[in-house]
Amino acid sequence: MSIMIESPLGPRLVSVVLGTYNGEAYLREQLDSVLAQTYSPLEIIAVDDCSSDATVSILREYAARDARIKVFVNERNLGFIRNFEKGCALSTGNWIALCDQDDYWMPDKVEKMVYAIGEYPMVYCDSLLCDEHLQPLGKKISDLAHFQSFDDPRQLCVFSRMYGHATLITRHLFEKASPFLEEVPHDGWMAYHATLYGGVRYLPEVLVKYRQHAANVFGVVGRKKKKTDRSDRAAKKRKELARVRIRMRAYCDACPDTLVEQKKLLRALVSSYRDFAPWNDIRRVQLFLANYKLLLVVKKYSTGRKYLFCLKMLVKIK
């Protein structure tokens, strides 16, 4: 049965924004799960980022059968962040649900998230980790990270574990968060902005089967990284440091001056992230120790381990 949410202006449209790139292996299962949603009305905005396999053919095959699907193919490769940003801009719904090409949505995912979002700009749910055949791996993402509702940007300025596939956002939030940054994953960027404009609500239900396989753009937290040679590691470290500094500066700039205490800490972090001069190293550790309950809230660590993490900030930035 299809569920319709009414407003004074009529049913409220949900736009499912699907980003694809060489996703033929699992795309049909994902599309079938989206089309089987109990919520209505839906539109599905599929944006392909120059796939070289049968992805576009599959999308067009489904679009020919279901008018809710609109297919767009990029003339050049934009990368996953810009691809999702384009999809959101092309969408017309009151709410936007981001969709990966290789997962599986429970039939009532959109319905439950629409009911849960209320006045929040974002809601997110839990996900079941599965192998490439969608067989459960015995863990949820909430087993690996601390999930809760968030209402303070300091809680998400260092770590974020809100994956796009598990979120529903308002169009207003997308507009506030645009343009996306290349250095920050789009889901983390929007979650941070949500804390500035009403908060993020957590719906503690598993509504997605989150497929783990070799071709994931981003796997789940905790996955072991592949070993690389020393020169590659050094180059990646330099790139990561630059990305972290850009992220923290952008988060500070986005935070309104009216959030006085939040802005104060963000400015201090930006300053301490500037380099590894001894005074900045010491200041960085002090800031983390004084604010670990906020900065490390997402980490499923004991208090002792959180203190140890703070001390490690003497020689690293996150």
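In this predicted model, aspartate 281 and arginine 284 form a salt bridge, with the closest N and O atoms 2.6 Å apart. The two residues sit three places apart in helix 9, and so are separated by about one helical turn. Residues three or four places apart on an α-helix point the same way, because the helix has 3.6 residues a turn. Aspartate 281 is buried, and arginine 284 is buried as well. Salt bridges with shared partners also link Arg28, Glu61 and Arg65 into one network. The count of salt bridges comes to 15.

Two further pairs can be described. Side chains of opposite charge can pair when their charged atoms come close. Aspartate 66 meets arginine 68 in a salt bridge of 2.9 Å, N to O. Aspartate 66 has a relative accessible area of 17% and is therefore buried, the cut-off being under 20%. Arginine 68, at 27%, is partly exposed. Aspartate 257 forms a salt bridge with arginine 267, and here the closest N and O atoms are 3.5 Å apart. Aspartate 257 lies in the loop between helix 7 (230-254) and helix 8, whereas arginine 267 lies in helix 8, so the pair ties together parts that are 10 residues apart in sequence. Aspartate 257 is exposed, with a relative accessible area of 54%. Arginine 267 is partly exposed, at 49%.

Helix 8 spans residues 260-272 and also holds leucine 266. The relative accessible area of leucine 266 is 0%, so this residue is buried. Beyond its neighbours within four places in sequence, leucine 266 is in contact with Cys157, Tyr192, Met248, Tyr251, Cys252 and Cys255.

In soluble globular proteins, nonpolar side chains tend to be buried together. The largest nonpolar core of the model has 60 residues. Met122, Cys157, Leu269, Tyr273 and Phe288 have the most contacts inside this core. Leaving aside neighbours within four places in sequence, cysteine 157 is in contact with Tyr192, Arg247, Met248, Tyr251, Leu266, Leu269 and Leu295. A second core is separate and has 30 residues, among them Ile58, Cys125, Leu203 and Leu207.

Nonpolar residues also occur on the surface. Leu289, Tyr307, Leu308 and Leu311 form a nonpolar patch there, with about 350 Å² of accessible area together. Helix 10 (residues 303-312) supplies the largest share of the patch, three residues. Leucine 289 belongs to helix 9 (residues 278-295). Its relative accessibility is 30%, so leucine 289 counts as partly exposed.

Histidine 165 provides a polar site within the interior. This residue lies in the loop between strand 11 (136-140) and strand 12 (167-170). Histidine 165 counts as buried because its relative accessibility is 1%, and buried means under 20%. A polar contact of 2.8 Å joins its side chain to that of serine 127. Not counting residues up to four places away in sequence, histidine 165 touches Leu98, Asp100, Asp103, Trp105, Lys109, Ser127, Ile141, Val208 and Tyr210.

One of these neighbours, Lys109, is among the buried residues of helix 4. Seven of the nine residues of helix 4 (residues 109-117) are buried, so the helix is largely enclosed by the rest of the structure. Glycine 118 follows helix 4 and has a positive phi, near 55°.

Helix 3 (residues 80-90) also has buried residues: Ile81, Asn83, Phe84, Glu85, Gly87 and Cys88. The buried residues of helix 3 pack against several elements. Three of the partners are strands, namely strand 4 (14-20), strand 6 (42-48) and strand 8 (95-99). The helical partners are helix 5 (171-177) and helix 6 (186-196).

Methods. Residues are numbered from 1 along each chain as its sequence is written. This is a predicted model: local features need pLDDT of at least 70, side-chain atom pairs count only at pLDDT 80 or more; totals for chains, interfaces and linings use all residues. Side-chain values use heavy atoms; hydrogens and water are left out. Helices (H or I, at least four residues) and strands (E, at least two) are DSSP runs, numbered from the N terminus. Buried means under 20% relative accessible area, exposed over 50%, partly exposed in between (1.4 Å probe, protein chains only). Contact means heavy atoms within 4.5 Å. A nonpolar core is a set of buried Ala, Val, Leu, Ile, Met, Phe, Trp, Tyr and Cys residues joined through side-chain atoms within 4.5 Å. Patches are made of residues with over 30% relative accessible area and no salt bridge: like charges are joined within 9 Å, nonpolar side chains (Val, Leu, Ile, Met, Phe, Trp, Tyr) within 5 Å. Accessible areas come from the Shrake-Rupley method with a 1.4 Å probe; for residues, only the protein chains shown count as cover. A salt bridge is a side-chain nitrogen of Lys or Arg within 4 Å of a carboxyl oxygen of Asp or Glu. A polar contact is a pair of N or O atoms within 3.5 Å; within protein, one must be able to donate a hydrogen and the other to accept it, and residues adjacent in sequence count only if both atoms are side-chain atoms.
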